[in-house]
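Subject: Structure handover and notes

Dear colleague,

Here is the structure I promised to pass on, together with its sequence.

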Amino acid sequence: MTEEEKQKRDLADRKFYPAQQEAQFEKKGLETHTPQTEHPSYKLAFQDKDFLLREELRPVRFQLELLKPEMILDEAGVGSTLVMYGSARIPPPEAAEEALKGAKDLPEEERKVVESLVAKSKYYAEAMKLAKMATEKSIIEDGKRQFVVCSGGGPSIMEAANRGASEAGGESIGLNIILPHEQAPNSYVTPYLSLNFHYFALRKMHFLLRARAVAVFPGGFGTFDEFFELLTLIQTGKMKPMPILLFGEDFWKRVVNFEAIAEEGTISKKDLDLFRWCETAEDAWQHISNFYGL
């Protein structure tokens, strides 16, 4: 029996051609130049970028942006993640001295901002250490890797997270996002786990789909957005509780009066137990270990 005859009799063989093969058929067809084949309407829908970018196709783009990272992370054997949020502006400790030198001649207000950021460089070091600790544990459960480090893929605290995992000899995820100004992935993100998003909403969803612990470092609007959305999801019962590790008590209590919100009655006093104050990577990992009985 010839190979062709075997294929015809194979009951498990799919009878429709895969999309990639269909695309090749179309490519051959386009070698025939006619007004019909050259018109944009003739393009296969899934190969027509102009069509996919139309306003009406937003729901399809949402679905694609949900599905692609999910498939990649699943194929990579990622079972759960340790998510790390934080500023894109805090310098690494090795750059602190240079930053202070450069700020000497700045107006007082600008100089104080630089000094404030430099003072927070200790959190870069702690983020890096926590990522390293989690990666070195190499926890495998149900054949999947657990507590894989995941950051926003950018600079500063995000870089520290990916850098710590890299220095521990492990892989880490970077969920980057397209912005009007340049936002490139940091060099420590594992290339095949470097994912890019158009929609903030889908990016935030992927941060939490596999999260089993979240470390939140001092940051700006983006960090606030991610942190408070997580608190809301757990407070309202949309997500099960998990360790939320809030680094930098002095910073957070200065910029957010949590106690006052509870005193005003707009949250419950027990809602303040949704997160735990941390100053060191060791504190954070101990809380994760106790929570999950590792």
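Predicted model: local features only at pLDDT ≥ 70, side-chain atom pairs only at ≥ 80, totals over all residues.

Residues are numbered from 1 along each chain as its sequence is written, and side-chain values use heavy atoms, with hydrogens and water left out.

**The whole chain**

The protein has 14 helices and nine strands, where helices (H or I, at least four residues) and strands (E, at least two) are DSSP runs numbered from the N terminus. Its radius of gyration is 24 Å, well over the 19 Å that the globule rule gives for 294 residues, so the protein is more spread out than a compact globule; the radius is taken over C-alpha atoms, and the rule is 2.2 Å times the number of residues to the power 0.38. Along the principal axes, the C-alpha atoms fill a box of roughly 75 × 50 × 45 Å.

Buried residues make up 39% of the 294 residues, with buried meaning under 20% relative accessible area, exposed over 50%, and partly exposed in between (1.4 Å probe, protein chains only). The protein exposes about 17900 Å², of which carbon and sulfur atoms supply 54%; accessible areas come from the Shrake-Rupley method with a 1.4 Å probe, and for residues only the protein chains shown count as cover. Among contacts (heavy atoms within 4.5 Å) between residues at least 6 apart in sequence, 69% join residues at least 24 apart.

**The nonpolar cores**

In soluble globular proteins, nonpolar side chains tend to be buried together. A nonpolar core is here a set of buried Ala, Val, Leu, Ile, Met, Phe, Trp, Tyr and Cys residues joined through side-chain atoms within 4.5 Å. The largest one has 35 residues, and those with the most contacts inside it are V214, F227 and I244. Helix 11 (residues 221-235) gives the largest share of this core, four residues. A second, separate core of 27 residues includes L82, A215, C278 and W285. Returning to I244, and leaving aside its neighbours within four places in sequence, this residue is in contact with V214, V216, F227, L230, L231, I234, L274, F275 and R276.

**E126 and A281**

E126 lies in helix 8 (residues 121-137) and, at 14% relative accessibility, counts as buried. Not counting residues up to four places away in sequence, E126 touches F217, F247, E279, T280, A281 and E282. A281, in turn, is found in helix 14 (residues 281-292) and counts as buried at 0% relative accessibility. Beyond its neighbours within four places in sequence, the contacts of A281 are E126, K129, L130, M133 and F247.

F207 has its place in helix 10 and is buried, with a relative accessible area of 1%. With neighbours within four places in sequence left aside, F207 is in contact with T81, V83, Y85, C150, S151, G152, L175 and E226. F207 and M84 are 123 residues apart in sequence, yet 9.2 Å apart in space, C-alpha to C-alpha.

R210 lies in the loop between helix 10 (200-209) and strand 7 (211-216), and what may interest you is that this arginine is buried, with a relative accessible area of 9%. Residues up to four places away in sequence not being counted, R210 touches E70, L73, D74, V78, G79, S80 and T81. The C-alpha atoms of R210 and V148, which are 62 residues apart along the chain, are separated by 9.4 Å.

**Two positive phi values**

D142 has a positive phi of about 55° although it is not a glycine; D142 lies in the loop between strand 2 (140-141) and strand 3 (144-145) and is exposed, with a relative accessible area of 74%. Phi of F147 is near 60°, again a positive value in a residue other than glycine. F147 is placed in the loop between strand 3 and strand 4 (148-151), and F147 is buried, with a relative accessible area of 6%.

With best wishes
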